[in-house]
Amino acid sequence: MSDVIVVGGGPAGMICALVAARRGRKVILLEKNEKVGKKLFITGKGRCNVTNASDIEELLNQVVTNRRFLYSSFYGFTNDDLMKLFEELGCPLKVERGNRVFPVSDKSSDIIGALLKELNRLQVKIECHTEVTNIIVEQEKVKGVQLKNGTILYSESVVVATGGISYPQTGSTGDGYEFAKRVGHAVTDIVPALVPMNIKEEDCKKMQGLSLRNIGFKVIRGKKTLYEDFGELLFTHFGISGPVVLSASSHLPAKPTKEETIIEIDLKPALTVEQLDARLLRDFEAYRGRQFKNCLDKLLPAKMIPVMIERSGIDPMKKVNVITKEERMRLVQCFKQFRLHMNGLRSFREAIVTKGGVAVKEIQPSTMESKKVQGLYFVGEVLDLDAVTGGYNLQIAWSTGHAAGEHC
């Protein structure tokens, strides 16, 4: 018998266990992997973007799904509170571009180590290689959990912190969704989010490895613009990736559609059509007598020049001083509306987070307790909550985990 059983040793589970134990609760943390924090270890390319240092309203603005649900938990345990906690635990942090927060050491292992040291000090019992197969509920009250080996552990509070199904190699296999469904909770459609995009055109493969900064980016379906922003993009062998692409993926509707999805890239967002045309005229005058294929190196990276020449329909051998206005305007259009056709998103294996999850209308926003089962809590990515890239999704995990830890 214990006061609290936490199922899942990710960020939400660890902070929940820590907070509950600080309140004097007897806590058991169950993790089916060989160690806790496996997904946390690889976040931020191994550097761990723990949160974002912007003000709370800005953090909430970056939440894509069910923003209002997070008001209580975000204000109850803020990003400032989190940063103070890690400083207190002996893990100093730093703020980088875009207000992203990382450990000074640039090692995610230091974040995990600081949490583990405190959990051990608080005598939280951590059981790895321990898989939960069922949540035991009687008369709408939680009674405990059943393990894969048949053992039953009893408790009056059970916290489900099992994550989503992104990066399944880290142990996120959707267990929490099954637990939720079995006790009567609704689970919304599950799709990958913060994930690269497959593109139909071969152009991306030709430009593989090329990174573009400060480009305009739009996702268009039919006559509707689903997403629009400026940022950084990377061409890959399958399509496109990079921060602006990952954020865009989170704004796409979960339901599949037969309607074509077009990506429109503005390569020169700082210039109007007229300004870009004037710039081309100046360059062409300076390169007078040269072939068209040798006149774009000031405007484009080398890998992109052959693709742009092909798209413009202008003969690469043509002298620039005889290029017509009509041809020039076609080239301007290629710069301002570089179009690609999306062929779906990449899989959960490459998704940073899962979109969808346990329906939040059935969860108390201030405590994370189920409205259907007394003593049962859901925290972190298992809930239908997600945000764009930049430390916001981890703040969701910390804040919801902390809320449950304070109340379970």
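Leaving aside its neighbours within four places in sequence, Asp283 has contacts (heavy atoms within 4.5 Å) with Lys298 and Leu299. This is a predicted model, in which local features need pLDDT of at least 70 and side-chain atom pairs count only at pLDDT 80 or more, while totals for chains, interfaces and linings use all residues. Residues are numbered from 1 along each chain as its sequence is written, and side-chain values use heavy atoms, with hydrogens and water left out.

Asp283 belongs to helix α10, residues 273-286. Helices (H or I, at least four residues) and strands (E, at least two) are DSSP runs, numbered from the N terminus. With a relative accessibility of 9%, Asp283 counts as buried, a class for residues under 20% relative accessible area, with exposed being over 50% and partly exposed in between (1.4 Å probe, protein chains only).

Ser73, in helix α4 (residues 71-76), is also buried, at a relative accessible area of 2%. Not counting residues up to four places away in sequence, Ser73 touches Pro365, Met368, Ser399, Thr400 and Ala403.

Helix α13 spans residues 392-407 and packs with helix α1, residues 11-22, at an angle of about 30 degrees, the axes being 7 Å apart. Axes here are lines fitted to C-alpha atoms, for helices over the stretch in contact, and angles run from 0 to 180 degrees between N-to-C directions. α1 and α13 are therefore roughly parallel to each other, since angles under 35 degrees count as roughly parallel, over 145 as roughly antiparallel, 65 to 115 as roughly perpendicular and the rest as oblique. On the α1 side the contact includes Pro11, Ile15 and Val19, and on the α13 side Leu394, Trp398 and Gly401 are among the residues. By class, this contact has 10 nonpolar, 3 polar and 1 charged residues. Ala, Val, Leu, Ile, Met, Phe, Trp, Tyr, Cys and Pro count as nonpolar, Asp, Glu, Lys and Arg as charged, and the others, Gly among them, as polar.

The strand pairings can be followed from β10. Two strands pair if DSSP finds at least two bridges between them. β10 (residues 152-160) pairs with β1 (residues 2-7) in the parallel sense over 5 bridges, and Val7 stands opposite Val160. With β19 (residues 376-378), β10 again pairs in the parallel sense, over 3 bridges; Tyr377 is the bridge partner of Val159. Strand β9 (residues 141-147) runs antiparallel to β10 and is joined to it by 3 bridges, with Gln146 partnered by Ile152. The hairpin of β9 and β10 has 4 residues between the strands, and Gly150 there takes a positive phi near 95 degrees.
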